[in-house]
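Dear colleague,

Please find below the structure that I am handing over to you. My findings follow directly after it.

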Amino acid sequence: MARTREFDTEAAVSRAMELFWTRGYEATSVRDLTGHLGIGQGSLYAAFGDKDGLYRAALEHYRATLAAAALRSLDEGADARSAIRTMLVERVRIAVGHDGRGCLLVNAVCERLPGDPTIRRTVRDVQDASQRALADVLSVAAERGEISTTSDPQALAAFLVTFLNGLLVSSKITPDVRALEPLVEVALAALG
């Protein structure tokens, strides 16, 4: 008779996400994971297949929580410029935390590509969703006269996502909000 899983897999994925985010995939051993999660190696393998399966679950959890929250925040600004500013600054604040651990998804790209096409797809999906959400906000802003209509909203959205990715890498080098936040204003100047 199969044993019942004796731990909360959702909580385990969340805790594993934090460990992978802080240490990276390669520097996190199965022993580190089982110790951090308080589960046995057999339980980890039964629930997730292997370390890679748990890593993918952690990336999905990040996408569904933090990345999704960033996109939801775009709807909370009084205008497009302030909503985008808030989203970018909040991403920087999260990234500089814990001594500059950056963004789990950007870290995954830097650590795992080009050798892992599944990671590429996962991160590409998040990036595409971000670009679509930003393009929608920018299109509405252009119609309202909040931003210049001379630039293509799709191109501006792609620029902002690319800028954010670079900013998130920089947050690992310079984990200082005061140094990085002014760069957001430079990027917002592209909105016209």
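The protein chain carries 22 positive and 25 negative side chains, and the centres of these two sets are 4 Å apart. In that count Lys and Arg are positive and Asp and Glu negative, while His and the chain ends are not counted. Each charge is placed at NZ of Lys, CZ of Arg, CG of Asp or CD of Glu.

This is a predicted model, in which local features need pLDDT of at least 70 and side-chain atom pairs count only at pLDDT 80 or more, whereas totals for chains, interfaces and linings use all residues. Residues are numbered from 1 along each chain as its sequence is written, and side-chain values use heavy atoms, with hydrogens and water left out.

Overall architecture

The protein chain contains nine helices and zero strands, where helices (H or I, at least four residues) and strands (E, at least two) are DSSP runs numbered from the N terminus. Along the sequence the pattern is accordingly α-α-α-α-α-α-α-α-α. Taken along the principal axes, the C-alpha atoms fill a box of roughly 65 × 35 × 30 Å.

Of the 192 residues, 43% are buried. Here buried means under 20% relative accessible area, exposed over 50%, and partly exposed in between (1.4 Å probe, protein chains only). Among contacts with a separation of 6 or more, 68% join residues 24 or more positions apart, a contact being heavy atoms within 4.5 Å.

Helix H7 covers residues 117-144. Its 28 residues should span 40 Å at 1.5 Å a residue, and the end C-alpha atoms are 40 Å apart, which agrees; the expected span is 1.5 Å times one less than the number of residues.

At the start of H7, a side-chain oxygen of Asp-116 comes to within 3.1 Å of the backbone nitrogen of Thr-118. This is a polar contact, that is, a pair of N or O atoms within 3.5 Å; within protein, one must be able to donate a hydrogen and the other to accept it, and residues adjacent in sequence count only if both atoms are side-chain atoms. After H7 comes Gly-145, with a positive phi near 80°.

Beyond residues up to four places away in sequence, Ser-130 touches Leu-71 and Val-161. Ala-142, also in H7, counts as buried at 18% relative accessibility. Apart from neighbours within four places, Ala-142 is in contact with Ile-147, Ser-148 and Thr-149. The C-alpha atoms of Ala-142 and Leu-191 are separated by 9.4 Å, although the two residues are 49 residues apart along the chain.

Backbone geometry to check

Most residues other than glycine have a negative phi, and most peptide bonds are trans. Against that background, the peptide bond from Leu-113 to Pro-114 is cis, with omega near 10°. Pro-114 sits in the loop between helix H6 (104-112) and H7.

His-98 counts as exposed at 58% relative accessibility, and Asp-99 counts as exposed at 70%.

Ser-171, in helix H8 (residues 153-173), is buried, with a relative accessible area of 0%. Leaving aside neighbours within four places in sequence, Ser-171 is in contact with Ala-95, Val-96, Gly-100, Gly-102 and Leu-180.

Thr-28 is placed in the loop between helix H1 (9-23) and helix H2 (30-37), and is buried with a relative accessible area of 0%. A polar atom of the Thr-28 side chain lies 2.6 Å from the backbone oxygen of Gly-24. Contacts of Thr-28 beyond four places in sequence are with Leu-19, Phe-20, Arg-23, Leu-33 and Lys-51. Thr-28 and Lys-51 are 23 residues apart along the chain, and their C-alpha atoms are separated by 9.1 Å.

Yours sincerely
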